[in-house]
Amino acid sequence: MSYWDKPFEDLDVLDNFLMNAIATNEEVGEAFCRKVLSVLLQRPVGKIKVVAQYTLPAQHPKYRGIRMDVKVEEFEDGSEPRLANVYDMEPHLQKNLHLPRHNRFYQAKMDSCYMKRGDDNFAGMPNLFVITILNFDPFGYDYMMYTFENRCAEVPELKYEDGLKFIYFYTGGTKGGSVNLKTMLQYLQHSTAGNAMDDSTKELHDYVCKVKTAPEVKEEYMRFEELIAFARKDAAEEAAEKAAKNTKVQAILELLEDYGEIPDSLPEMLQQSNDEALKKYHKLAARAESIEAFMTLL
């Protein structure tokens, strides 16, 4: 079930909308992100800034941009706080993505934000943690978390200090991790009071309840539902139109294929034709005595 098919009251933190609603909440957003990250990473997280649904547009129309679900920036304390770590925290519920290459693309786009034109101080780039939370096992070893870092194949103990980590969390994993990590992952997937079984998840559940009882959040979800419904309707209509056109094109080609080899350019030309033109071409194909004769009539 897509989370767009869920009633608002049944949304879990792992559902994209609710995670963003909590993360952007002025009152609890930073505390929520700090708590989730500190449990997932098993270490304290300091002063942070949260940017949810952060969009990085493509640099050229032919390329796609990205939209991160929750971006968190962590700063080191000092007279001039320095950006130390960046976390891209994304729930993923769809299985049809090639996640390693998907995340490689996201990582490259994110890194480009932290270098200005003419800047050659690469050592000043923040560490980047690409955190993906899934309700399915992405690698099949039943671990709660899978951590990937670049390293030297010839000298495995040689540190490669590029500051980049990809971490995948599997909510149903049983290996590795800790009891509180397992509790957190279970709560993220099924965000009910019954799954808030330790101090961290009880704190998270308070944040969830606060956001879910805000009327404006439910109204926003209803608007998103309407947008998704319209998008699905448009997609269905577009798919139906495409299927109908494919049927008409195939009918023309089947009439002609008995006469010999179909020219490579003909199927594409037919696909680019409108309905009126296809009706005309179908009649011509039915009367034509050869492919050559048909082509001369176009």
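I looked up glutamine 42 and found it partly exposed, with a relative accessible area of 41%; here buried means under 20% relative accessible area, exposed over 50% and partly exposed in between, with a 1.4 Å probe and protein chains only. The model is predicted, so I kept in mind that local features need pLDDT of at least 70, that side-chain atom pairs count only at pLDDT 80 or more, and that totals for chains, interfaces and linings use all residues. Residues are numbered from 1 along each chain as its sequence is written, and side-chain values use heavy atoms, with hydrogens and water left out.

Glutamine 42 sits in the loop between α2 (29-41) and β1 (47-56), where helices (H or I, at least four residues) and strands (E, at least two) are DSSP runs numbered from the N terminus. I noted that its phi is near 60°, a positive value in a residue other than glycine.

I then turned to aspartate 142, in the loop between β4 (127-134) and β5 (145-148), and read a phi near 65°, again positive in a residue other than glycine. Aspartate 142 counts as partly exposed, at 25% relative accessibility.

Next I checked strand β6 (residues 164-170), where six of the seven residues are buried, so the strand is largely enclosed by the rest of the structure. For pairing I required at least two DSSP bridges between two strands. β4 and β6 run parallel and are joined by seven bridges, with valine 130 opposite phenylalanine 166 in β6. β5 and β6 run antiparallel with four bridges, and tyrosine 146 has tyrosine 168 in β6 as its bridge partner.

I also went along helix α3 (residues 99-112), whose 14 residues should span 20 Å at 1.5 Å a residue, and its end C-alpha atoms are 20 Å apart, which agrees; the expected span is 1.5 Å times one less than the number of residues. Leu99, His102, Asn103, Tyr106, Gln107, Lys109 and Met110 are buried in α3. They cover an arc of only 165° around the axis, which puts them on the same side of α3, the arc being that of the directions from the helix axis to the C-beta atoms. The face turned away from that buried side carries the exposed residues Arg101 and Arg104.

Finally I recorded the totals for the protein chain: there are nine helices and six strands, and buried residues make up 39% of its 298 residues. Among contacts (heavy atoms within 4.5 Å) with a separation of 6 or more, residues 24 or more positions apart account for 60%.
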